[in-house]
Amino acid sequence: QVQLVESGGGLVQAGGSLRLSCAASGRTFSTYTMGWFRQAPGKERELVAAIGRSDGGRSDASPYYPDSVKGRFTISRDNAKNTVYLQMNSLKPEDTAVYYCAAASSIFTTTRERYAYWGQGTQVTVSS
């Protein structure tokens with residue numbers, strides 16, 4: 001089992017940047033596929049980035065981004081620190097949402113239902 005704690009959210013003007021962090025507990029962090037999701041009021045939770053596991057020098061699949069954030073968001077992980085990051089650049093008001101970090105013990109997946117572990121979320125607000 002893994003516990004996840006997000007940080008780094010806040011208020012930023014359109015065009016600005018934020019970096020979210022997600023600290024994970026446990027010794028098997030490198031074996032999890034990690035994802036960042038977001039949920040805006042009245043909308044479903046959607047995946048904005050995912051990165052495969054990377055244990056023993058092997059990694060599963062290149063990072064995934066939907067078209068809505070591709071070229072603006074970058075996901076990365078530091079297995080030595082049990083942390084996954086989401087660098088968000090050129091932010092837009094429509095990026096406003098609660099952002100969640102999640103972990104999946106399966107091979108690389110973009111399916112929300114396969115992410116079994118979730119953080120509490122961090123609010124990102126982009127003003128116009």
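This is a predicted model: local features need pLDDT of at least 70, side-chain atom pairs count only at pLDDT 80 or more; totals for chains, interfaces and linings use all residues.

Reader: What is the handedness of the disulfide of C22 and C101?

Author: A disulfide is a pair of cysteine sulfur atoms within 2.5 Å. Here the torsion about the S-S bond of C22 and C101 is about -80 degrees, so the disulfide is left-handed. C22 lies in strand β3 and C101 in strand β8 (residues 97-104), so the bond ties together parts that are 79 residues apart in sequence. Strands (E, at least two residues) are DSSP runs, numbered from the N terminus. The sulfur atoms of C22 and C101 are 2.1 Å apart, and a search of the whole structure finds 1 disulfide.

Reader: Are C22 and C101 buried or exposed?

Author: Buried means under 20% relative accessible area, exposed over 50%, and partly exposed in between (1.4 Å probe, protein chains only). Both C22 and C101 are buried.

Reader: How should I read the sheet, and what is the order of its strands?

Author: Strands of a sheet pair through backbone hydrogen bonds, either parallel or antiparallel. Two strands count as paired if DSSP finds at least two bridges between them. In this model, an open sheet of 4 strands has the order β1-β3-β7-β6, with antiparallel pairing. Its edge strands, β1 (4-7) and β6 (73-78), each pair on one side only. On average, neighbouring strands of this sheet are turned by 15 degrees against each other, direction ignored. The axes behind that angle are lines fitted to C-alpha atoms, and angles run from 0 to 180 degrees between N-to-C directions.

Reader: How many bridges join β1 to β3?

Author: β1 and β3 (residues 18-24) run antiparallel and are joined by 4 bridges. Within this pairing, V5 stands opposite A23 in β3.

Reader: Which residues does S21 touch?

Author: Contact means heavy atoms within 4.5 Å. Not counting residues up to four places away in sequence, S21 touches V5, E6, S7, W36, T83, V84 and Y85. S21 lies in strand β3, and at 18% relative accessibility S21 counts as buried.

Reader: How many salt bridges does the structure hold?

Author: Side chains of opposite charge can pair when their charged atoms come close. A salt bridge is a side-chain nitrogen of Lys or Arg within 4 Å of a carboxyl oxygen of Asp or Glu. The structure holds 5 salt bridges. One of them joins D95 and R38, with the closest N and O atoms 2.8 Å apart. D95 lies in the loop between β7 (83-88) and β8, and R38 in strand β4 (residues 33-39), so this pair ties together parts that are 57 residues apart in sequence.

Reader: Which other salt bridge involves D95?

Author: D95 also meets R72 in a salt bridge (2.7 Å, N to O). R72 lies in the loop between β5 (46-51) and β6, so its pairing with D95 ties together parts that are 23 residues apart in sequence. D95 counts as buried at 1% relative accessibility, and R72 does so at 10%. Salt bridges that share partners join R38, E46, R72 and D95 into one network.

How values were computed
Residues are numbered from 1 along each chain as its sequence is written. Side-chain values use heavy atoms; hydrogens and water are left out.
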